[in-house]
Amino acid sequence: MSYPQLSSFRSPTRHGWILGLLFIVFLVNVLPSLRLLGEALADIVAGEKSSFWKVLRSSATWQATWHSLYTSVLATLLALVLGAGLAFFIALTNIRGKSFWVFMFMLPMMIPPQVTALSWLQLMGPGSALLQLLGIAPGLGSPQPLYSAWGIVLLMGIQHAPLVFLSVRTNLLVLPKELVEAARLSGASQLRIMLDMIFPLCKNGILAGAAIAFVSALGNFGIPAMLGIPASYYVLPTLIYQKMADFGPLMLNEVSSLSVIVGAIAMSGVWVQHRFQSRMALVGMPGKPLAFDLGKARIGCEMALGLIITLILVLPILALGASSLVPAIGVSLGYDNISFSAYAHMLARQGATWRAFENSMLLSLSAAFILACLVLPLAYVTVRRPRRLYAFVLMLLDVPYALPGVVLAIACILLFAKPLPVLQISLYGSLGIILFAYLSRFLTVSFKPVHASMLQLDGALEEAAQLCGASMVRRWRDIVFPLLAPAAFAGFLLVFLIAVNELTVSALLWSAGNETLGVLVFNLEDGGETVLASAISVLIIMMIALLMLALGIVGRNLPKGVIPWRN
């Protein structure tokens, strides 16, 4: 299919808006990382007494680096076992209610890490209202087992298992079914087909998913902060957070150096991910996915799957809900002392709640809308006018999202520490710097659904309209925009869903009066207001579930690949 080479596209005006579009992408996506890299390089060149060499000589740096690698690798192994195992089970068997199981397994990924940590803290330990209600709570004074490296590994493994699940499931859904059917006709058993055909064909998808999980675990802040800081177990993101709180004279230089170390490790994981994803090229003929018959074992397998979902999702949420209904933490929950005072306090008497809600809604809606407007022309240009430059731009889009959030936050602080040139407006300490960080981090989240939809849009429609004399504006208004609008709306919802509870970036960028919901939960728990933190966390989970349901309903009318957890 040859797409129309529009004469208007080659005019100086058209080239001008393309250059303007690429310049905006450069400002949002590339400039923060370049500013951070420049600061680190300048510090390295300064000599042995610079902050970079001081950071490298510090035992705390290497201890945090080891902790980061240790917890991230073990969490990745757990995510690999859980995510890949469930992907094979759900995608390749004839279990019932596949859409329900996929939705339930994807929900932990969308729940903010700090809420995940809080829900598990309320599930285990002597203060658990749910365990006290069941009469199996440990004695008062017993240690909290999650305040350890193993607690961090467990929760990060569960949090990032859906990433492996998505990567492997995507690979399984496009397997060449004709090869499997040929093996079946030749008398091969289901076990032999799995070992000799399906596992080798899915190897790259499994390794790509593992790389994604590793990078995500390395940059996770909420779980190591809530479980590691009380036990003085620091990873690189929490060490950066601690140094930011010290406000020393060389604080920015030191955290910049630490951020470069984290970024270098993360980018190596991103390189591995892209290397294996690019090899996932074997695609079968379209049709119904594979479905191995479980026979009489299907009911038992469905019960086992329900037990897994209950353990990793339902029980922690129930424990969180129970903790939000007690008068005070440590008090047993009963019919005579159920209290909704925490919800009343958070919604009616706690001004910070509404302020955080308004800030989060404003930032997430603004970021989602701005990015939706930006990615529509960007997806059109990169698909209809392929160039090597555009391929390079597409690769750069993933960088801010792949970098740990604290690294991007430090980059934004360095970029906006001084007032903007010419305008003399300072974004530091305002909602503006958080909005900019959201635009940089979530650009690729908004872009991918629109780009996937654009790849499936037949260029013959525009070519026919051009032959009829339609201008580029008319073609965009009547053909391109209506067909891309559903995907753009899906990207809008995805960005909003992730950004509304974001903590990793805003933890270092917020200031008094500019709190977000993620920061509010973290600060409440850190200040000992566990019941209030539990109440607001329950409301956050309800909002996320409703938004995911809405996105799933919208996704029924969207092209393939737009909603990541749909077929």
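**Cavity lining and aromatic pairs**

Helix H5 (113–123), H7 and helix H13 (298–323) each supply at least two residues to the lining of the largest cavity; helices are DSSP runs (H or I, at least four residues) numbered from the N terminus. The model is predicted, with pLDDT of at least 70 required for local features and 80 or more for side-chain atom pairs, while totals for chains, interfaces and linings use all residues. Residues are numbered from 1 along each chain, and side-chain values use heavy atoms, without hydrogens and water.

A cavity is a set of points on a 1 Å grid over the protein atoms alone where a 1.4 Å probe fits but cannot get out, and its lining residues have an atom within 4 Å of a point. Three cavities of 30 Å³ or more are counted. The volume of the largest, the space filled by probe spheres set on the points, is about 90 Å³. H13 gives the largest share of its lining, four residues. Among the lining residues are Trp-120, Gln-159 and Ile-541.

The structure holds 12 aromatic pairs, in which ring centres of Phe, Tyr or Trp (its six-membered ring) lie within 6.5 Å; planes under 30 degrees apart are stacked, over 60 edge-to-face and the rest tilted. Phe-105 and Phe-165 pair edge-to-face, at 5.0 Å centre to centre and 70 degrees between the planes. This pair links distant parts of the chain, with Phe-105 in helix H4 (residues 98–110) and Phe-165 in helix H7 (residues 149–173), 60 residues apart. Both Phe-105 and Phe-165 are buried (under 20% relative accessible area, 1.4 Å probe, protein chains only). Ring pairs also link Trp-66, Tyr-70 and Trp-150 into a cluster.

Terms used: Buried means under 20% relative accessible area, exposed over 50%, partly exposed in between (1.4 Å probe, protein chains only). On a 1 Å grid over the protein atoms alone, a cavity is a set of points where a 1.4 Å probe fits but cannot get out, and a pocket is an open set with protein on both sides within 12 Å along at least five of seven lines; lining residues have an atom within 4 Å of a point.
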